[in-house]
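Have the viewer open while you read.

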Amino acid sequence: MSDLPPVSSFNEWDPLEEVIVGRVTGAMLPTRHVAERVWGQGPVGALIGRLSAGRPYPRYMIDRATEEVEGLAALLRREGITVRRPEILPLSRRHRTPEWSSTGFCTASPRDGILVVGDQLIETASAWRSRYFEVFGYRDILNDYFRRGAQWTAMPRPRLDDASYDLSFRPPADGEPLRYVINENEPLCDAADFTRCGRDLFVIRSNTTNLAGIEWMRRQLGPRFRIHQVQTRQRKPQHIDTTIIPLAPGKVMVNPEFVDLDSLPAVLRKWDVLIPPPPDPVRARGVNAYLHLAGNWISLNVFMLDPERVVVEQNQVSLIRALERWGFTPIPLPFIHYKMYGAGLHCATLDVRRRGTLESYFD
């Protein structure tokens, strides 16, 4: 039995003891709101998305993704890791504020709405109206951690009225300056736009995290922690865990398409910067080929069990070989259907307790 507090996780690689794993039961396709239209994959995918927005995911998609995520949960349990799961929410039921209404989305990605920093649980403020109450699926778990001594904070609940968005938004073409669908009207933030290396956290400004959200987090964490912003070249930035992926002390995987290596924060350039191979193509049939919310670089969305063992999508053979060359032990697992929900292995997990203490890796 661990002598750590119920919530204790400072980085992405210390030996894992407890984790929350998502679900896709009852998932609804994203609505037609401007913030959620960002993620149409190509013209056919965008058309399918418009026609099916706000409807339940097809049963076969849910079944295939469920099989994959249950396989992930089973693997973790076999390793002696405690696995917690969210409640099933009535996502088809519309929720309302005085200014708008929306159906829900899903609870596939606990990583998106809750940031764990040490013994702190921080609920973040999603820019997607369909995710406004998603954290309710985790409330019983969060209440349990709170009763057992964890610190629990939530960002201010955003209004998400039209003033928070660029209603004329379109993704910028290559060569154009980056544009963002959210503005600076109120702090907005997805936890998955942050990655943790002890006292240092790295973040991207994205279509789910604005500068106000980054500043809110900087003030919330206080002087014990340093937040470094990573500049991205991704045309539709959202979530850092396909951009820079810390794997172990002194080793960080960096997406060469999304990041100009010369612009990396200076502290990261002190580490071994590992350049992954291009994603291996994965064939999909029918609607699956178009109706997905994640690009090909979801291949980098790996999950560390400890500083050596890493869970990787089994079809990414080139990445698996590269990780072996870099001294890691890959654990291949099927996880291709989960990208229908914009998620990979790292997204589908929230590491709540890792066996380690707060360290400063860059001093």
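1. A cut-off to start with: a residue counts as buried when its relative accessible area is under 20%. Histidine 239 has 5%, so it goes down as buried. You'll find histidine 239 in the loop between strand 10 (226–229) and strand 11 (244–248). Its phi is near 80°, a positive value in a residue other than glycine. Keep in mind that this is a predicted model.

2. Leucine 160 is another case to look at. Its phi is positive too, near 55°, and again the residue is not a glycine. Leucine 160 belongs to the loop between strand 7 (151–154) and strand 8 (194–197). Is leucine 160 buried or exposed? With 0% relative accessibility, it counts as buried.

3. What does proline 158 touch, leaving aside its neighbours within four places in sequence? The contacts are Ala125, Ser126, Tyr132, Glu186 and Leu188.

4. Three strands form an open sheet in the order 2-1-17, and the pairing is mixed. Strand 2 (82–84) and strand 17 (349–354) are the edge strands; each has a single partner, so one side of each is left without a neighbour in the sheet. From one strand to the next, the twist averages 25°.

5. On the pairing itself, strand 1 (residues 16–21) runs antiparallel to strand 17, with five bridges between them. Within that pair, glutamate 18 sits opposite arginine 353 of strand 17. Helix 3 (residues 59–78) packs on this sheet and touches strand 1, strand 2 and strand 17. The direction of helix 3 makes about 160° with that of strand 1.

6. Which of its residues are buried? They are Ile141, Leu142, Asp144 and Tyr145. These residues cover an arc of only 155° around the axis, which puts them on the same side of helix 5. They pack against strand 1, strand 2, strand 5 (114–117), strand 6 (120–123), strand 7 and strand 17. After helix 5 comes glycine 149, with a positive phi near 115°.

7. In soluble globular proteins, nonpolar side chains tend to be buried together. Here the largest nonpolar core has 46 residues, and Tyr57, Leu76, Leu305, Tyr338 and Tyr341 have the most contacts inside it. Strand 1, helix 1 (34–37), helix 3 and strand 16 (329–333) each supply at least two residues of this core. Helix 3 gives the largest share, eight residues.

Methods. Residues are numbered from 1 along each chain as its sequence is written. This is a predicted model: local features need pLDDT of at least 70, side-chain atom pairs count only at pLDDT 80 or more; totals for chains, interfaces and linings use all residues. Side-chain values use heavy atoms; hydrogens and water are left out. Two strands pair if DSSP finds at least two bridges between them. Helices (H or I, at least four residues) and strands (E, at least two) are DSSP runs, numbered from the N terminus. Axes are lines fitted to C-alpha atoms, for helices over the stretch in contact, and angles run from 0 to 180 degrees between N-to-C directions. Contact means heavy atoms within 4.5 Å. Buried means under 20% relative accessible area, exposed over 50%, partly exposed in between (1.4 Å probe, protein chains only). The arc is that of the directions from the helix axis to the C-beta atoms. A nonpolar core is a set of buried Ala, Val, Leu, Ile, Met, Phe, Trp, Tyr and Cys residues joined through side-chain atoms within 4.5 Å.
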